[in-house]
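Hello,

Here is the structure I promised to pass on to you. My notes on it follow just below.

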Amino acid sequence: MTAKKEGKGRGKEEERERNINVWLPLSRALLGTKIEGVSAGYCPPSDEDNSTFLAFREIPISQLKSHRVLQALTAEACGWAPEVVSTEVLKAQGEWEAVDNIQPETGGQSSSDQPGQLISFSEALQHFQTADLSSFKKRIQPTVRRTGLAALRHCLFGPPKLHQGLREERDLVLTIAQCGLDSQDPVHGRVLQTIYKKLTGSRFDCALLGDHWEDLGFQGANPATDLRGAGFLALLHLLYLVMDSKTLLMAQEIFRLSRHHIQQFPFCLMSVNITRIAIQALREECLSRECNRQQKVIPVVNSFYAATFLHLARVWKMQQKTISDSGFVLKDLEALAKKSPRRLLKTLEIYLAGVSKGQASLLAAQTCYGAQAPRSKDLTFTGVCDLPPSSSEGTRLS
């Protein structure tokens, strides 16, 4: 027993000696004293050493991390490394490595508001549901105003009116379409970051302004300039598309098609135009029957948007369309979508069912896409707002 105690005592003394030999030179170096060779022997700490340790303990660890002398020591500039590392040293090393991960306080702002985190469609929608949008709501025109024969024809043969209980939800959709992109709003920034990360597969944040947005199919470095006629609803639709696992696959396939070296088109700009079609279909009550059936508006509008985008992608691929055909394709697409919304929605249902079984694919034989696709600003794109309005007697789309 006596021998064991003596062995333990010697072990503790040796460990203490090793630790002092490590930290004394380090503390002296940080206080500006000359670094000397580390002695293998042990000598009791002097008053100078004690004062050195006290001063060393006063230095914040955040400052130690950037100290040049410390960096040299941690790089083993002195050529010394302990043969046995104590548990205390290992613990200190772990704390040291964690210094880079220390985040400053945000003054009470919740971490969910940080742009670096992905945001779901429901969370982004809730942001608008709880925000004061009264100034934007004043601008909306919920339905198309018809006069004369057009009004009579719509009354006799047109779709049913939206149920009274669903009109507030419809107005919210149209109000969001009046809201622009605010780069100072954390939620708006997170929506953009989520769309970028999901489409590109990047794990890192990107600037809210920059040429990288042209790679996604915006026409310039600022996505806000391409939301004409659709507002923030266009970004919510893209968010809806990429945050569901089934529609994400569809979005990624359409995105790859948009980068084909011959059939390329600006992906996000095309999506904005499809959102415009969805807005007009809602205002012209083309979606009222389906909304009344499901007793919902927002999910119907989202599905209609996705179904319309799916149909466009299939037409674009199978008919070998190019950017010069964009205006004509969108015009035909808008007419079909308003006339047969249920048909498009059924097609989407079939597609998503195939995705669940691993069978659906838009681009099974499509391989010619990649970095050679030009940026959106180099493409001549004709959107819905660039087309001449269709002449409908007595119909005003104000």
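Where is the place of threonine 322? Threonine 322 lies in the loop between helix H16 (298-318) and helix H17 (326-339). Helices here are DSSP runs of H or I with at least four residues, numbered from the N terminus.

Before going on, a word on the source: this is a predicted model, where local features need pLDDT of at least 70 and side-chain atom pairs count only at pLDDT 80 or more, while totals for chains, interfaces and linings use all residues. Residues are numbered from 1 along each chain as its sequence is written, and side-chain values use heavy atoms, with hydrogens and water left out.

Threonine 322 counts as partly exposed, at 22% relative accessibility (buried is under 20% relative accessible area, exposed is over 50%, partly exposed is in between, with a 1.4 Å probe and protein chains only). Leaving aside residues up to four places away in sequence, threonine 322 touches Ile262 and Trp316, where contact means heavy atoms within 4.5 Å. Its side chain and that of serine 324 are joined by a polar contact of 3.0 Å (a pair of N or O atoms within 3.5 Å; within protein, one must be able to donate a hydrogen and the other to accept it, and residues adjacent in sequence count only if both atoms are side-chain atoms). Histidine 260 is 62 residues away along the chain, and its C-alpha atom is separated from that of threonine 322 by 9.7 Å.

Next, helix H10, residues 186-200. Of its 15 residues, 12 are buried. The cover over those buried residues includes helix H6 (121-130), helix H12 (232-243) and helix H14 (267-283). One of the buried residues is histidine 188, with a relative accessible area of 5%. Not counting residues up to four places away in sequence, histidine 188 touches His127, Phe128, Gly180, Leu181, Asp182 and Phe232. At the start of H10, a side-chain oxygen of aspartate 185 comes within 2.9 Å of the backbone nitrogen of valine 187. Just after the helix, glycine 201 has a positive phi of about 80°.

Finally, a helix pair. The axes of H13 and helix H18 (residues 341-356) come within 9 Å and cross at roughly 100° (axes are lines fitted to C-alpha atoms, for helices over the stretch in contact, with angles from 0 to 180 degrees between N-to-C directions). Among the residues that meet there are Leu249 and Met250 in H13, and Leu348 and Tyr351 in H18.

Best wishes

Notes
Helices (H or I, at least four residues) and strands (E, at least two) are DSSP runs, numbered from the N terminus. The expected span of a helix is 1.5 Å times one less than its number of residues.
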